[in-house]
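Here's a quick briefing to read with the model open beside you. Take a look at the sequence and the fold first.

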Amino acid sequence: MLVAAGRGERLGAEQPKAFVRLGELPMLAEPLRRLDESEWIDAIVVAAPPEWEEQAILLAEEIGAEKVSQVVTGGATRAESVRRAVAEIPADALVVLVHDAARPLLTDEVIGRVLEPIGEGWDGIVAALPLADTVKRVSEDAVVETVSRDGLWAIQTPQAFPAASFRETLAAGGDASDCAGLVEARGGRVKVVRGDPRLLKVTSREDLELVSSWL
């Protein structure tokens, strides 16, 4: 599934983030095209911003994304958007792959790395990168402590989950900054695989310009 319901306030955009221009098309087009072209992916459900569902459908048609099976209305939170999208996934689906449209430069290599361990008994697999920068905890502009970066990873998407257990996790409620956090909260085991530095999450105009330069 492709989660694209985020707002674009920090981009200073009037439209939702997924519909900000990246190159000649809305940003949503890039990850949607890449998922559609991947042999790992059978079908795509898009969680679109409210009142932008039709535009998402038209965009999928424009780029020839034939694997799009449903476009749903995203919720007030990321977790709610995921719940609505998962509700449209066929009951016989074995695996759910969740990706954020705000990380447009998805590669097939990363999709494969996330999906390959799914049969090893993990409750989730996430793409991530080890932290390279020094990390400090700050309060009111003052450094409180320097945190050891040993074992610290910056988590990305895509993230993959066995469909049956993931449905149970979502049904239990709760919220988290990523889907793996919901799984972890229920005691699930999550495996980390290497992501990609170019899977940058677009949150600012500077991010958008940088990602544009990588196209």
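This is a predicted model: local features need pLDDT of at least 70, side-chain atom pairs count only at pLDDT 80 or more; totals for chains, interfaces and linings use all residues.

Residues are numbered from 1 along each chain as its sequence is written, and side-chain values use heavy atoms, with hydrogens and water left out.

- R103 sits in the loop between β6 (95-100) and α4 (108-115); helices (H or I, at least four residues) and strands (E, at least two) are DSSP runs, numbered from the N terminus.
- R103 is buried but has no salt bridge. Buried means under 20% relative accessible area, exposed over 50%, and partly exposed in between (1.4 Å probe, protein chains only), and a salt bridge is a side-chain nitrogen of Lys or Arg within 4 Å of a carboxyl oxygen of Asp or Glu.
- D100 has the nearest side chain of opposite charge, 4.6 Å away from R103; Lys and Arg count as positive and Asp and Glu as negative, with His and the chain ends not counted.
- The R103 side chain does reach two backbone oxygens: that of L199 at 2.9 Å and that of I155 at 3.4 Å.
- Beyond neighbours within four places in sequence, R103 is in contact (heavy atoms within 4.5 Å) with residues including P31, Q156 and T157.

**The α3 helix**

- Helix α3 (residues 78-86) is largely enclosed by the rest of the structure, because seven of its nine residues are buried.
- Among those buried residues are R78 and R83, along with V82 and V86.

- W153 belongs to strand β10 (residues 153-162) and is partly exposed, at 37% relative accessible area.
- Together with I155 and V192, W153 makes a nonpolar surface patch with about 240 Å² of accessible area. Such patches take residues with over 30% relative accessible area and no salt bridge, joining like charges within 9 Å and nonpolar side chains (Val, Leu, Ile, Met, Phe, Trp, Tyr) within 5 Å; areas come from the Shrake-Rupley method with a 1.4 Å probe, and for residues only the protein chains shown count as cover.
- L152 lies in the loop between β9 (142-147) and β10, and leaving aside neighbours within four places in sequence, L152 touches P130, L131 and V147.

- T157 and P158 are joined by a cis peptide bond, with omega about 20°, and P158 is in strand β10.
- E140 has a positive phi near 50° despite not being glycine, and E140 is exposed at 78% relative accessibility.
- D141 also isn't a glycine, yet its phi is positive at about 70°; D141 is in the loop between β8 and β9.

Note on methods:
A polar contact is a pair of N or O atoms within 3.5 Å; within protein, one must be able to donate a hydrogen and the other to accept it, and residues adjacent in sequence count only if both atoms are side-chain atoms.
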